[in-house]
Structures are given as structure tokens and as C-alpha cells.
Amino acid sequence: NFQCTSAGSISLVANARAVTVANTSMVNVSAAAAGGDAGTFSVSAPTGLFIMNGNLQGTAGAGGAGGSAQIDVGSLQSFTTLNDLLNTGMFTTSRNLRVRNGDVTISGTVTAHDFVLSVDHGDITVNGTINASGQTGGNINLIASGSVVIHSGALLSVAAQNFSDAG
């Protein structure tokens, strides 16, 4: 009889410039396939960019939770590109993104049980779906210094799938 442990964390910090991950690189915070929760991937480039050309992986083990991502950048080249990498990599437990400068538009689908997007100097526009639903209800927080606009046809969901008699 054996037990699997959860994965750890990887943190990449560039105080004055960009964090760049090359196209043949892999950043992996996955749990063992037999069990355990995936870990956390963090990026801090408060005056620069996060340039992700490689692969991200945060797959849960059997019965575990997917990866978490914490990203704090001066500006973001493309939310869609980053979101696609996080979705493909199974970062589904939580995503906390801070963009210090520039507008962010959400098109396509974000899938994370706990989703926070804050924009210090700019607007947030949602054209797509933010899916924070799950066995229990999730959380969505959109915080902008400018406007937060949810366009016609956009969907924000924190729906719970399980019944509970807990108060």
C-alpha cells in the first residue's frame, strides 16, 4: 500500500524585465498519475512581460485537483494565448492574474474553479466564457481600474453540481 504526495511549486521572478520560457521547455507541476493534487506555477514580472513559448503542465493525479497559476505582469501580450496554455495544461483549480498595465479581453473559455483577474490600469472585457463551476460552486472576481464589460452572449458560471444539506 502506497500513498502519493501532491506536487510542489515553481516560481519564476524577474523584478526588472521579462520572464521568458523557450519553445522547447516544459514547466511541470503535475501530480503522480496514481494520485495527489497538481502544484502551483507562479510568475512575477511586475514591470515586464511573461513570454511563454514552451509547455505548461499541471495535471492532477487520480482523484486530485488540477494545477494553480499565479501570474503578476507589467503587461500581457495575449490573454488568449496564455489562457489556452493554462487550459491545455490543466490549470483548473485556481488562476490569479494581475496585469498592471493594459486592457484584457477574454474570448474563448477560461476553466478554473477559482478565477481572479485584476487590471491596475485598464479595462476588462468578457466576450467568452469563464467557467468556475464544479462539484461545489466556484469563484469569479474581475477587478479593473477602468471598466468591466460583460458583452452579450458571454457566460460567467459558478454553478455547483452536487447537492449538499450543509447550511
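Reply: The protein chain carries 4 positive and 8 negative side chains, and the centres of the two sets lie 13 Å apart. Here Lys and Arg count as positive and Asp and Glu as negative, with His and the chain ends not counted; each charge is placed at NZ of Lys, CZ of Arg, CG of Asp or CD of Glu. This is a predicted model, in which local features need pLDDT of at least 70 and side-chain atom pairs count only at pLDDT 80 or more, while totals for chains, interfaces and linings use all residues. Residues are numbered from 1 along each chain as its sequence is written, and side-chain values use heavy atoms, leaving out hydrogens and water.

N83 is buried, at a relative accessible area of 2%, where buried means under 20%, exposed over 50% and partly exposed in between, with a 1.4 Å probe and protein chains only. Across the chain, 37% of the 167 residues count as buried.

What does N83 touch, leaving aside residues up to four places away in sequence? The partners are R95, T109 and V110, a contact being heavy atoms within 4.5 Å. With T109 there is also a distance to look at: the N83 side chain reaches the backbone oxygen of T109 at 2.8 Å.

Definitions and conventions: Polar contact = N/O pair within 3.5 Å; in protein donor to acceptor, adjacent residues only side chain to side chain.
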